[in-house]
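Q: I have a model open and want a quick tour. Can we go through it bit by bit?

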Amino acid sequence: MAQALTTIDLQGALPLVASGKVRDLYEIDDKTLLFVASDRISAYDVIMENGIPNKGVLLTLCTQTWFKALKEANPSLRTHFITLDLPPQIPESLRPVLQNRSMQVRKLRILPIEAIVRGYITGSAWNEYKKSGTVHGIQVPAGLQESQAFPDGPIYTPSTKAEQGEHDENIHPDQAVAILGEPYASTVAKMAVELYKTAHEYALARGVIIADTKFEFGVDEETGEVVLADEVLTPDSSRFWPKESYAVGRGQASFDKQFLRDWLVSEGLKGKEGVRIPDDIALKTAEKYHEAWEKLTGGKV
């Protein structure tokens, strides 16, 4: 199996701004950042000891594809994406490794919530619903079955954005208003649902159901506009189901890291630190990611 790139070293070419679960952020200049996607993978807010080979390249190319598709459907949409080209500061020796896993983006003030949109009831939403009839504290119709589409359309279910090592917390949209203030809270909620609807239609035509996804937004300090940021509609940030095998009333097969999550649960390793993924599980996870990518874009990585 190919080696996964879990540690990024720019050899001092650019200053490191932040290191996240998957991405490392570097400053190119006072208005521009370099996002570098490693092959690290996290599940249940814990980073695994080893990664998924080529995952960072796939996530970056997937995000670029979605930015283009969303922009075509909504020309007024602003995103932080500038280019996949590497800045001149990157030495030649690093370019083959960093190309297509890096993107130059505009520096923004990132808003401190995850803008999650759910089209179908599954995962933590299903667990909450079974107990209380609610999703993120929102009352939803009675009698829903697992994996069913929400009868009134997709719902906005934000979460807090935890520091590394902490856990994101599902919150009611009213709490997002308290965190973000207006007009940002309403703008984010509206944009997130509209983007989900556009993406869902695009994916469905290609045999993939987007059950849910999370978006991140930032604010352009110069204009006050809300801008779509971070990765978009990747297997890391979304739940993708094959359309042909979808059926209400049960869990679904998926093209994302749900396979890894299921393995962690079955082995009693959910939320545990220091977990090394066996090669066969890492390979199977990689296959799921590639299958999603190929179905959605027709491309090969």
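Q: Leaving aside its neighbours within four places in sequence, which residues is Thr 157 in contact with?
A: This is a predicted model, where local features need pLDDT of at least 70, side-chain atom pairs count only at pLDDT 80 or more, and totals for chains, interfaces and linings use all residues. Residues are numbered from 1 along each chain as its sequence is written, and side-chain values use heavy atoms, with hydrogens and water left out. Thr 157 is in contact (heavy atoms within 4.5 Å) with Ile 116, Arg 118, Val 135, His 136, Ile 138 and Ile 171, its neighbours within four places in sequence aside.

Q: Where is Thr 157, and is it buried or exposed?
A: Thr 157 is in the loop between β12 (155-156) and β13 (159-160). Helices (H or I, at least four residues) and strands (E, at least two) are DSSP runs, numbered from the N terminus. Thr 157 is buried, at a relative accessible area of 0%. Buried means under 20%, exposed over 50%, and partly exposed in between, with a 1.4 Å probe and protein chains only.

Q: Which side chain does the side chain of Thr 157 make a polar contact with?
A: That of Arg 118, at 2.9 Å. A polar contact is a pair of N or O atoms within 3.5 Å; within protein, one must be able to donate a hydrogen and the other to accept it, and residues adjacent in sequence count only if both atoms are side-chain atoms.

Q: Switching to helices. At what angle do α6 and α7 pack?
A: About 150°, with the axes of α6 (residues 258-266) and α7 (residues 279-297) 9 Å apart. So α6 is roughly antiparallel to α7. Axes are lines fitted to C-alpha atoms, for helices over the stretch in contact, and angles run from 0 to 180 degrees between N-to-C directions. Under 35 degrees counts as roughly parallel, over 145 as roughly antiparallel, 65 to 115 as roughly perpendicular and the rest as oblique.

Q: Which residues make that contact?
A: From α6, Phe 259, Leu 260 and Trp 263; from α7, Ile 281, Lys 284, Thr 285 and Lys 288.

Q: And what does α7 pack its buried residues against?
A: Against α1 (55-73), α5 (184-204), β14 (208-219), β16 (238-242) and α6. The buried residues of α7 include Ile 281, Thr 285, Tyr 289 and Trp 293.

Q: What comes just after α7?
A: Gly 298, which takes a positive phi of about 75°.

Q: Where is the cis peptide bond?
A: Between Glu 182 and Pro 183, with omega about 10°. Pro 183 is in the loop between α4 (173-180) and α5.

Q: Back to α1 and α5: how do their axes cross?
A: At roughly 110°, coming within 10 Å. They are therefore roughly perpendicular to each other. Trp 66 and Leu 70 are among the α1 residues there, and Leu 195 and Tyr 202 among those of α5.
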